[in-house]
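Let's walk through this model together, one piece at a time. Have the viewer open, and we'll go from single segments to the places where chains meet.

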Amino acid sequence: MSRLVKKRSKKIGLAPGTLVHLGTPRPGSTAVELIEYGADHLEQRKLDSLLQCSLPKPAPSVTWINVEGVSQVEVLQHFGECFKIHPLVLEDILATDQRPKAEDYGEYLYVVLKMLRLNEASGQLQAEQMSIVLGENFLISFQEGLEGDVFEPVRLRLKNDKGRLRQTGPDYLLHALLDLIVDNYFLILEKIAERMETLEDELIANPDEGTVQAIYQMKREMLFLHKAVWPLREVVGRLQRRESPLILEENIIYLRDLYDHTVQVVDTMETLRDMLSGMLDIYLTSVSNRLNQVMKVLTIIATIFMPLSFIVGLYGMNFKHMPELEWRYGYPAVLIFMAVVVAGMLYYFRKKRWF
Amino acid sequence: MSRLVKKRSKKIGLAPGTLVHLGTPRPGSTAVELIEYGADHLEQRKLDSLLQCSLPKPAPSVTWINVEGVSQVEVLQHFGECFKIHPLVLEDILATDQRPKAEDYGEYLYVVLKMLRLNEASGQLQAEQMSIVLGENFLISFQEGLEGDVFEPVRLRLKNDKGRLRQTGPDYLLHALLDLIVDNYFLILEKIAERMETLEDELIANPDEGTVQAIYQMKREMLFLHKAVWPLREVVGRLQRRESPLILEENIIYLRDLYDHTVQVVDTMETLRDMLSGMLDIYLTSVSNRLNQVMKVLTIIATIFMPLSFIVGLYGMNFKHMPELEWRYGYPAVLIFMAVVVAGMLYYFRKKRWF
Amino acid sequence: MSRLVKKRSKKIGLAPGTLVHLGTPRPGSTAVELIEYGADHLEQRKLDSLLQCSLPKPAPSVTWINVEGVSQVEVLQHFGECFKIHPLVLEDILATDQRPKAEDYGEYLYVVLKMLRLNEASGQLQAEQMSIVLGENFLISFQEGLEGDVFEPVRLRLKNDKGRLRQTGPDYLLHALLDLIVDNYFLILEKIAERMETLEDELIANPDEGTVQAIYQMKREMLFLHKAVWPLREVVGRLQRRESPLILEENIIYLRDLYDHTVQVVDTMETLRDMLSGMLDIYLTSVSNRLNQVMKVLTIIATIFMPLSFIVGLYGMNFKHMPELEWRYGYPAVLIFMAVVVAGMLYYFRKKRWF
Amino acid sequence: MSRLVKKRSKKIGLAPGTLVHLGTPRPGSTAVELIEYGADHLEQRKLDSLLQCSLPKPAPSVTWINVEGVSQVEVLQHFGECFKIHPLVLEDILATDQRPKAEDYGEYLYVVLKMLRLNEASGQLQAEQMSIVLGENFLISFQEGLEGDVFEPVRLRLKNDKGRLRQTGPDYLLHALLDLIVDNYFLILEKIAERMETLEDELIANPDEGTVQAIYQMKREMLFLHKAVWPLREVVGRLQRRESPLILEENIIYLRDLYDHTVQVVDTMETLRDMLSGMLDIYLTSVSNRLNQVMKVLTIIATIFMPLSFIVGLYGMNFKHMPELEWRYGYPAVLIFMAVVVAGMLYYFRKKRWF
Amino acid sequence: MSRLVKKRSKKIGLAPGTLVHLGTPRPGSTAVELIEYGADHLEQRKLDSLLQCSLPKPAPSVTWINVEGVSQVEVLQHFGECFKIHPLVLEDILATDQRPKAEDYGEYLYVVLKMLRLNEASGQLQAEQMSIVLGENFLISFQEGLEGDVFEPVRLRLKNDKGRLRQTGPDYLLHALLDLIVDNYFLILEKIAERMETLEDELIANPDEGTVQAIYQMKREMLFLHKAVWPLREVVGRLQRRESPLILEENIIYLRDLYDHTVQVVDTMETLRDMLSGMLDIYLTSVSNRLNQVMKVLTIIATIFMPLSFIVGLYGMNFKHMPELEWRYGYPAVLIFMAVVVAGMLYYFRKKRWF
């Protein structure tokens, strides 16, 4: 549950723009990578720290600074002043429980969203906050932790492919990064769908309480996913409506494409949720069916043996004058009578389709 | 479930516009058919391949190119360049998990939707993606597979009927194709409704777990249908609002008609969904009723035989001094007493309406 | 169910505007009635057939042509050409599964809606499609069948009352017809409410499976009603917003009144639906209560007689050395002991409020 | 139920504006009260009948005519002509099943809403329709019955307080009347909330079927309340947006205040509804818990006594050769053995937390 | 429940603007604190009473008057006249059941919202109404009670930090106060989440009726929270859209930030609600699972012992001629036979996975 409600209490009473890191501190210090590129040049280097205030080259050169690990408050503060980023943005970068959103600060655009990871072992989703500041000729991406990212394909495309990515502005780089993150959502949905399939087979073959708890855990993961993905649709929708001049006219078409993907993610997520509900219904129906079955077995047993027990009890009475007890064939007669009773009842149950 | 979430992971990290085929590869290669027609001429021929870059004749002649099987990436790429179709469109044509949508690319309009087929044997719905590119004097339709289509009636109307279809632009052809696809949805809904009727009769006559699983499967098919049909309403709605000049004023009325049909499909679908829910409720009510019935039988049996067993047990005790045992008519007296007890209880149950 | 999904498959592949009759063919041929009226004249006559192309007199005279039975395709076609009605409208008149709608064709307005009838015997709702074409100086109403209509009061008002109905245009006649149809919905809702009341009394007095099936059937009728009534609100809403010049400014007030009635119908329908759900909940609660009751009876019986049976079994054992069996008052002592046990258990159950 | 669907069938086929009284005829005839007031004068008198056509004095004098009992059709008709009230408005005044609404007729404004009363004995809500016609210098209020109203405080304020109510136009009087009616809703909600509290205590202490039926009846009352209150929000919202010049700019602020109150009423109503649902859930949970309890008791009893009965039955067999029967301490041994069995089972149940 | 519906009945019939205190009277009298500050001065003093009509210094000096305890009607009235606050505002300040709202009175802005407190012992939420009047150069905050507030951090920032808070207008002070209140909501959500976690662990380890009642109580608290928080989103949304000139352009960015926080609060609240529903579902599932378990135990016991009891009863019959009774090894044979029966049934149950 702690994943769903983060501790904000540290921040109570502080002035807005005061930098406080929220969330589990990730190990290690900050790693900074800088890539400067244009149609015909590309330079990539690791920065020692954010304290170097290296301003980006003028357009059309594009500078991409990728910061991993945002827990060091002072470093970020210095960096923010350097790039004239508003303290409120820096605050949001550090407070890693942001709802995905896009905000236009005139000189730059601030986009925040979630990068998801599915822990294969526990089946839990893990989210890492990703903040992106898009300026006229630069893009800075802040990742919450150091555990690597999903951006390797973009780095490769920047190096090898001299296509559109190298020839247009940083807004296209923004598209490339968002696209990778959204594609990653598809990957996660695929894995969840696979697990759901396994669960469903189990549900039909041999449902037990473990199955139903797995369904509930999955339902909770969907809640977590929903919280991360749902607002993203609105974010990309706003970018694609080109409310900021930082988004070039010519790249709108790509953002529209990205928007379609986001809508598809949301759609698929809703479908998976509907299916989970369906699975729970199936489980409950089968539980109530089995209860019925058990009750029928009990009733059949009781209905057969209670009359028999009565009959044998009857002839176990110690009355002096019970003529049947004296009969030569009293015992076999009673046995035969009881067999008839049993046969009659079995016939009755069969007719009632009880077994 | 795999039908609901397609594998998109192949595409992660690729530049937008990179052509990758998503979905099950359909057998066979690509089949291309070209129909050029106007008010007084019509030519129909099979093209060997998409590699022939045969540009359409100028208006008012209309060229309809129908491509079946879109899995060959290179061919499609060549074809796309030929007609100046944007790589993002080509990408969408290949990625066969598109959500129905209509996009205006200025020079042409891109419409994507689903052609459905109901597998009679398994009762499963199967979807084939249909992409349509509508230009000023041409229309290209891309079908996902080679398994035939539902367009035969349009071909016949083109050949035989010299009416409106031959005299107006390709937007009317677009209407004709969409109309057929939507009519096909009605056909599928009819079949589903019939099957639902059968299920319902079963539900009343003789419900078992098979019935309820059939209901759940049908619910899932409705989910699948919903995903294909719901966005279509918006697509046709946009076309009918004539947001693109490629749609002629005079044909709007037909698109409005088509829009009405789409709304009707959605309406009918919702009605069927409501009925499915109702059927599940009936099933659950009848299960709980039957449980009640079974419990009553058990209770009646126990209530009748437990006292009787107690009585016969009583006179089976071996006390030395039990005066009743010595009585002349003790045995028949006990028998009569037990008969009275049974009659009394039966009367009580009858009064309580237990049987 | 067939009432909810009509066979549209006949129409697949036909050009739009091709006339095909959908729905059950109603008996008999077409009956046509023509009423021409103005402030000071009124002429009413039966037409032999629709083939007479009698154009209406010029305004301010109003011509009302009422056509009953629309299954004869050729006749309708001729008639349509005569009045210059668009083939798509004729198609909709014949396809009797239209969703209520209002369409503006410039020269005339096309309104389609449902006339409902409650079959008293089976409790089923039956719908008849009513199409109305409103021109500048004429109104044509097409009824699906010949089984009579609800318009008699309008005919009487036309004949006897020389008020507003005779002095204004055909749009007021449209209002009068729609008003009658909507008033008829109130009548049907009243009858449904009455039947619901009966059902409810049954539910409290003596609920059985018949009651619950009656509730489900009523729920289905509400679904049917909903499909017919819900879109009507939007239809009348559009008329009342006066989107067409065929609606006179001075009559808007009456359409607004009609709109209020439609909203009230929808409101009442929703209330009835809520009450039906409530009734189902009551049924389920009472079923589960009765199950509890039955279980308690069973438990009380078992709890009383099992110990007793054990005791009498105990003294039915055949051990050589069982001192109690020899006692003088062993038997009455056991009887008294058992009475005490029973009394104790009854006291316990009473305290637990089990009966 | 009759309270939810009123008989409209009387009105079928009548021309709009034909006056027919709907609803239960209230006893007695019509009572009319007239109050003429201005900043420095106030005259109050009872009118003998509505037939006196006393037109209001010119502004700034304000005339308030309060009519109780609207079932006399002819009188109302005369009155309506006198004040030039549209027949449709008179029709609505008589048809006492109106949905709350506000209509602008240019010269005057027509507002209709419900005055509620909670019958303390039966717990049923009763509604009385209140129609208000607001002109430039007059306000006429029509009450459905003669059973008194909630307006006494306004009369007192008019007489005693020479504040705003005496100095501004009739729109402020309208506000005062509406305010009283809405305040009355709060009173009713308070009473319902109190009753709910009582029910809730009962639900926890000692729930029975009476409790659940009280909950369902309360749910139905909420349905009734919802129907009366929900549309009122929209009505006051329209008044407060000042769509009519009859509402003075300076009084808008008071209508805004009234609107806030209406929103609060709706809010509170929704909260009470949510709580009712919660109470039903608690009831169902406790029923299913009790079923569990009963089943456990039964199972414990059966599990303890069935083995014991078997053992005593065993030694009740009549085999010639049963060595145990001959043993000196056979009987006490069996008793001890059975005690051990019982102790073992009780220990097992305790461990399983069955009691 | 009394917390959800406050007694408004006191106010019925009073003229709008009549001051009546609603809600529990809080102990003690009114405490007033006045802080006057600018970029370079700050004066803080306690006022003896509200009767001193000390008007604020002109801008850019800002005056913050914080009033704790609003139950003294006369004092407030005097104060209101002094600051020319509209009587309707004063009325709302006293009626402590306001729905959060923001109203623009031209000269000043009136904001009302709820300050929440979580009673650690009872787990109940308590709300205190907070009214804020924002003028051009002053801000007055009215708290319902004297129990302290959450504003201490703002006072400290005013004293120590000479930043933005001291240099800009009272609208930024408004932001600071709202921000604290919203931060406080996060704190409460955190605590609720923690308690939910505890409950959840209990639910899995050892669910009983106490657990389910705790869940229902928490559900009710969420209802209460929802009522306080949901309208706040709209309030802050309106402030941030800068509908009043009292909000400076330069501070909009901070209100936007606050709006984000409010959205996050609402989001988190919805997530917690979803989780509560999930927990109830888990409880109900586990109850029905346990019922199944109990039924199985009962059925196994009955199925094993009923046949055995029948067999021993059989050989307890007193027939003269029962050959088995005479056999030498009759008794051990029966014992062995019964052991076989038990083994068979256990095998059957094991195969059916009943234990």
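Over residues 329–349 of chain A the chain is 95% helix and 0% strand, and the end C-alpha atoms sit 30 Å apart. Here helices (H or I, at least four residues) and strands (E, at least two) are DSSP runs, numbered from the N terminus. Residues 297–317 of chain A are 86% helix and 0% strand, with 30 Å between the end C-alpha atoms. Why pick these two stretches? An unreviewed UniProt entry places the feature "transmembrane region" at residues 297–317 and 329–349 of chain A. UniProt positions are given in the numbering used here, feature names are shortened, and such annotations may be inferred rather than shown by experiment.

Some ground rules before going on. This is a predicted model, where local features need pLDDT of at least 70 and side-chain atom pairs count only at pLDDT 80 or more, while totals for chains, interfaces and linings use all residues. Residues are numbered from 1 along each chain as its sequence is written, chains are lettered from A and ligands numbered from 1 in the order in which they are written, and side-chain values use heavy atoms, with hydrogens and water left out.

Now turn to chains B and C. Taking contact as heavy atoms within 4.5 Å, 63 residues of chain B are in contact with 65 residues of chain C. The size of an interface is often given as the accessible area lost when the parts come together. For chain B and chain C that buried area (1.4 Å probe, summed over both parts) is about 5600 Å², 63% of it on carbon and sulfur atoms.

What about charges and polar groups? With a salt bridge defined as a side-chain nitrogen of Lys or Arg within 4 Å of a carboxyl oxygen of Asp or Glu, the interface of chain B and chain C has 5 salt bridges. One of these joins Asp267(B) to Arg99(C), with the closest N and O atoms 3.3 Å apart.

Which elements of chain B give two or more residues to the side that touches chain C? They are helix 3 (152–160), helix 5 (170–205), helix 7 (252–314) and helix 8 (323–326). Helix 7 of chain B gives the most, with 33 residues. By type, this side of chain B divides into 29 nonpolar, 17 polar and 17 charged residues; Ala, Val, Leu, Ile, Met, Phe, Trp, Tyr, Cys and Pro count as nonpolar, Asp, Glu, Lys and Arg as charged, and the others, Gly among them, as polar.

Next, the symmetry. A rotation of 72° with 0.1 Å of shift along its axis superposes chain B on chain C (RMSD 0.1 Å), by least squares on the C-alpha atoms of residues with pLDDT of at least 70 in both. The two copies are thus related as by a five-fold rotation axis. In chain B, the C-alpha nearest the axis belongs to Gly316(B), 4.8 Å away from it. The copies use different surfaces: 16% of the contact residues of chain B recur in chain C.

Chain B has no contact with chain D, and their closest C-alpha atoms lie 9 Å apart.

Notes:
Buried area = accessible area lost by both parts, 1.4 Å probe.
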